[in-house]
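Subject: Handover of a structure, with notes

Dear colleague,

Please find below the structure that I am handing over to you. My notes on it follow directly after it.

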Amino acid sequence: MLLDSKIPEGPLAEKWEKHKFNVKLVNPANKRKYDVIVVGTGLAGGAAAASLAELGYNVKAFTYHDSPRRAHSIAAQGGINAAKNYQNDGDSVFRLFYDTIKGGDYRAREANVYRLAQVSVNIIDQCVAQGVPFAREYGGLLANRSFGGAQVSRTFYARGQTGQQLLLGAYSALSRQIAYGKVKMYTRSEMLDVVVVDGQARGIVTRNLITGEIETHAAHAVVLATGGYGNVFYLSTNAKYCNVTAAWRAHKKGAYFANPCFTQIHPTCIPVSGDYQSKLTLMSESLRNDGRVWVPKTVEMAERVRQNQIKPQDIPEDERDYFLERKYPAFGNLVPRDVASRNAKQMCDEGRGVGSTGLAVYLDFSDVIKRTGAEAVSQKYGNLFAMYEKITDENPYERPMRIYPAVHYTMGGLWVDYNLQTTVPGLYATGECNFSDHGANRLGASALMQGLADGYFVIPYTIGDYLAQTPPKPVDTSHPAFAESKAFVQARTERLLSIKGTRTPTQFHKALGHIMWEYCGMARTAEGLKHAKAEIQKLRQEFWQDLKITGTGEELNQALENAGRVADFLELGELMVDDALHRNESCGGHFREEYQTPEGEALRNDDEFAYVAAWEYQGDNQPEKLNKEELTFENVKLTQRSYK
Amino acid sequence: MAGSNPNAKPMNLTLNVWRQPNRTAPGKIVEYHVKDISPDMSFLEMLDVLNEDLLHAGQDPVAFDHDCREGICGSCDLFINGRSHGPEKGTTTCQLHMRKFSDGDTITIEPWRASAFPVNKDLSVDRSAFDRIIQAGGYVSVNTGGAPDGNEIPIPKEISDRAFEAATCISCGACVAACKNASAMLFVSAKVSQLALLPQGQPERKTRVENMVAQMDKEGFGACSNIGSCAAECPVGISLENIAILNREFLAAKATSNNLA
């Protein structure tokens, strides 16, 4: 299939305005004749469901949580970017666009990113109107802070709980539409298939997680807002339930999967402490505003601190290496995430890592505490410091934090055109679930921006264009495609239950995560990736022969839920490895050791790889077909990213 | 070894866990034993160990709600040794660590006990009553688009900060579980206060409090008798002051509105 990104003609700054005029509209009286399914109720899904219902569409919204307020958007800490230029420091829509394209290492689509920067300003207004309590200055105006990869202060925040406050804003708008009867809310319902009728998405199959009932739901269009797939690594900062299943089933029904190997490793997470570890906890990137990252200058000193022979706070200044400040004087501790992560790994590889495992670097607040006092630091970061202390039993006011990179976000996802439509007509993907805006690396405080941009300000326009061309006839689940999908889901559930082997879903998941982290994590090589591919294939085979879960499909069965998700991760993992192996360059979060500059920075190959890799499913255990969307850059010059 | 306590030894524990197959079937306490629990584990990681043991033994794992495991999603909801989220103040179950317990301890784990929160299975309860209370009015009625500039309405920092404090409620239900009357007043008051404090909340100030309180009563939550165990057990520190604000808002609304609902 020819990949048509449907980018509107004309100058960058006018594309979205022109497009909004050119898309077809559904007449207000006809909107109530259309049903739209929204899967997922995080920032993208919650905002989309509420906004579509406000327009008059009948929305059915689905979440596997017990409430639409629990999606993992809620855990985003640091903030949300917007090109408001309230600080008079030279920000503009173009600068936010430019920073995002550059931060993504020139692997994102210009038109999408520009639109994102344009609507960023509307998001802040919308959230303020909903009563989101953003941080404010004493004069009563909105406060900002700086974030990695930018030299202006454009990040809006609500202490260290920005995601929570934004999600509760979207949840409140959604709740209002539920009360009006315009949204029918299905909680504890997990989407297990997309139903495609005559080439168009016409519904979904879900499992009621309480009763186990497999249900079918029809609509004129389906919007996926089901988040990212970072949990393929088992340990990540994602919530435990985060999974790829909805996106993967869509993929198997014809939606191309773009740039799956573009995963983000976040530099500031609490290090792993033991085998029992179930997830990793992020310490907001905003901490890098005031915290200074360092390791001991020598391996000998690092060894002493690892053996608890000296406390880090007692190591003299001239024995410390503030490696980010040293190597990147212009951006210092605020370099983008991929750069910060790789440097931390490099320090540990050199033997200068700290903590009992040697897999950690320090994030030190003693300077800012000296300068402004502990109280001022607590005002800014109090909840983060408390969380750190709870988990590690160490007091970061007295002893530098230990941090290490961890999987945090997936830039890859379902391929979508400018309208956020996948390669299946009528099937849309929004938020982290799609691939569209962050290229090979996402800048901090841009995930919340993209989720809400898609949900509040993009999909309400673009879905109308599709629906206006769809007859407003009632839809139901009588088409045989629904029964087929339902039978497929039932058979798969029964198959998982019938294996009765010896290893639990978590054991398989951990084994997969180990392979992914080792060979498809922060640094990748062709040899390692080939090895990983064989290992994943073997593990997948073992999974279907040796899985052990108990109980039945007709009850709340969390082991069964987990098994289904791990089964999909075992397929996705191989595609990620294929994608990483085919991309013979380093860019953003994708670092192939064979392709680096003499200074160890990522070395892109724009002549051969300035494209989106969109993979097309060809059948179980068949190699996927690679489709390319060439990226053209008319408004920025492709340069070697430099944060020095 | 992650913590600053290198001498912490693995623990063996006895667990008394509430098992209940579904909403209608009777439940009971079942005793389990877990071994070699690291003090650096979270409480839920300790339950993960139990569940892996149970699966290997061919038994049904214990169902419990959890997700983010960083104290913000509000999913986890265990009643541990008679206390919401266990013994540590200001902490959700997922952020409670085993270093708060000792080798040889017996730990009793139950679901929230409130008729408005029926048990789904084992330790998982249905908290949709909270969603219905928010749907009754816990929002500002603004549609997407057309909002004025974010700096159009200056809000004093102190007011904004107080609204934020109230808005940090994670809707876990610990307040209801801690209350001898199973009252939801702290939960409802947090949302009412947040929006009553902010200028954006003024147009619907009266109807909001009336409708949310009416829905709260309809869901079968108990009355408030001002004991304060809700605020004492709240993992995110929602203040009892909010209940005072709620009472004032409710009386003011009733005294001046025509809504007899």
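May I first state the conventions. The model is predicted, and therefore local features need pLDDT of at least 70 and side-chain atom pairs count only at pLDDT 80 or more, while totals for chains, interfaces and linings use all residues. Residues are numbered from 1 along each chain as its sequence is written, chains are lettered from A and ligands numbered from 1 in the order in which they are written, and side-chain values use heavy atoms, with hydrogens and water left out.

Chain A as a whole

Chain A has 18 helices and 19 strands; helices (H or I, at least four residues) and strands (E, at least two) are DSSP runs, numbered from the N terminus. Its radius of gyration is 24 Å, close to the 26 Å that the globule rule gives for 644 residues, so chain A is as compact as a globular protein of that length. The radius is taken over C-alpha atoms, and the rule is 2.2 Å times the number of residues to the power 0.38. Along the principal axes, the C-alpha atoms of chain A fill a box of roughly 75 × 60 × 50 Å.

Of the 644 residues in chain A, 68% are buried. Buried means under 20% relative accessible area, exposed over 50%, and partly exposed in between (1.4 Å probe, protein chains only). Among the contacts (heavy atoms within 4.5 Å) in chain A with a separation of 6 or more, 74% are between residues 24 or more positions apart. The accessible surface of chain A comes to about 21100 Å², and 49% of it belongs to carbon and sulfur atoms; areas come from the Shrake-Rupley method with a 1.4 Å probe, and for residues only the protein chains shown count as cover.

Sheets in chain A

An open sheet of four strands runs in the order E16-E10-E18-E19 (chain A), with antiparallel pairing. Strand E16 (413–414) and strand E19 (625–630) of chain A stand at the edges, each with a single partner strand, so one side of each is left without a neighbour in the sheet. Two strands pair if DSSP finds at least two bridges between them.

E14(A) pairs over three antiparallel bridges with strand E12 (residues 292–296) of chain A, and over three antiparallel bridges with strand E15 (residues 401–410) of chain A. A:Leu363 in E14(A) stands opposite A:Val293 and also opposite A:Met401 in E15(A).

Helices and single residues in chain A

In helix H4 (residues 93–103) of chain A, the buried residues include A:Leu96, A:Phe97, A:Thr100 and A:Ile101. The buried residues of H4(A) pack against strand E3 (80–81), helix H5 (110–130) and helix H13 (447–467) of chain A. Just after H4(A), A:Asp105 takes a positive phi of about 55°.

A:His582 has its place in helix H17 (residues 558–582) of chain A. A:His582 is buried, with a relative accessible area of 17%. Leaving aside residues up to four places away in sequence, A:His582 touches A:Phe609, A:Tyr611, A:Ala613, A:Trp615 and A:Leu626.

A:Lys6 lies in the segment before helix H1 (15–22) of chain A. Although A:Lys6 is not a glycine, its phi is positive, at about 55°. Is A:Lys6 buried or partly exposed? A:Lys6 is partly exposed, with a relative accessible area of 39%.

Chain B

Chain B holds eight helices and seven strands. Its C-alpha atoms fill a box of roughly 60 × 45 × 40 Å along the principal axes. Buried residues make up 59% of the 261 residues in chain B, and chain B exposes about 10000 Å², of which carbon and sulfur atoms supply 52%.

B:His85 lies in the loop between strand E4 (83–84) and strand E5 (106–110) of chain B. Phi of B:His85 is near 60°, a positive value in a residue other than glycine. B:His85 is buried, with a relative accessible area of 0%.

With kind regards
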